[in-house]
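Student: Could you take a close look at one part of this model with me? I would enjoy a connected walk through it.

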Amino acid sequence: MQPIPGISGVSEVCPALSKYAFPIQDRTADQHDADSVAAWMQQADREGRLIRYFEPILNEPERAFAGVEGWLLGVG
């Protein structure tokens, strides 16, 4: 999968995967969850790692399940 300039997407991301990597500062817990997810995605994109999360390595049963249920970005 190659990025397409000017195209956006919607992803489900679990804040627990990134929120402990960033200081909470003066934010509420919900604000920190959102900010840490955005910071993680920005950092992963800058390092060229983000694209791999859009193409997780799944076996056939996992791929079938993900085709119905989806998967969390950052897992797999």
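Student: Leaving aside its neighbours within four places in sequence, which residues is Ser36 in contact with?

Tutor: Happy to, and please keep in mind that this is a predicted model. Beyond its neighbours within four places in sequence, Ser36 is in contact with Ser18, Lys19 and Phe22. Ser36 itself belongs to helix 1, which spans residues 29-46. With a relative accessible area of 1%, Ser36 is buried, because that value falls under the 20% cut-off. The side chain of Ser36 also reaches back to the backbone oxygen of Asp33, at 3.1 Å.

As for accessibility, Asp33 counts as buried at 18%, whereas Lys19 counts as partly exposed at 26%.

The count of salt bridges comes to 3. Another joins Arg27 to Asp35, with the closest N and O atoms 3.2 Å apart; Asp35 is partly exposed, at a relative accessible area of 36%. Glu47 and Arg49 form a salt bridge as well, at 2.7 Å between the closest N and O atoms. Both partners are partly exposed, Glu47 at 48% and Arg49 at 26%.

Terms used:
Residues are numbered from 1 along each chain as its sequence is written. This is a predicted model: local features need pLDDT of at least 70, side-chain atom pairs count only at pLDDT 80 or more; totals for chains, interfaces and linings use all residues. Side-chain values use heavy atoms; hydrogens and water are left out. Helices (H or I, at least four residues) and strands (E, at least two) are DSSP runs, numbered from the N terminus. Buried means under 20% relative accessible area, exposed over 50%, partly exposed in between (1.4 Å probe, protein chains only). A polar contact is a pair of N or O atoms within 3.5 Å; within protein, one must be able to donate a hydrogen and the other to accept it, and residues adjacent in sequence count only if both atoms are side-chain atoms. Contact means heavy atoms within 4.5 Å. A salt bridge is a side-chain nitrogen of Lys or Arg within 4 Å of a carboxyl oxygen of Asp or Glu.
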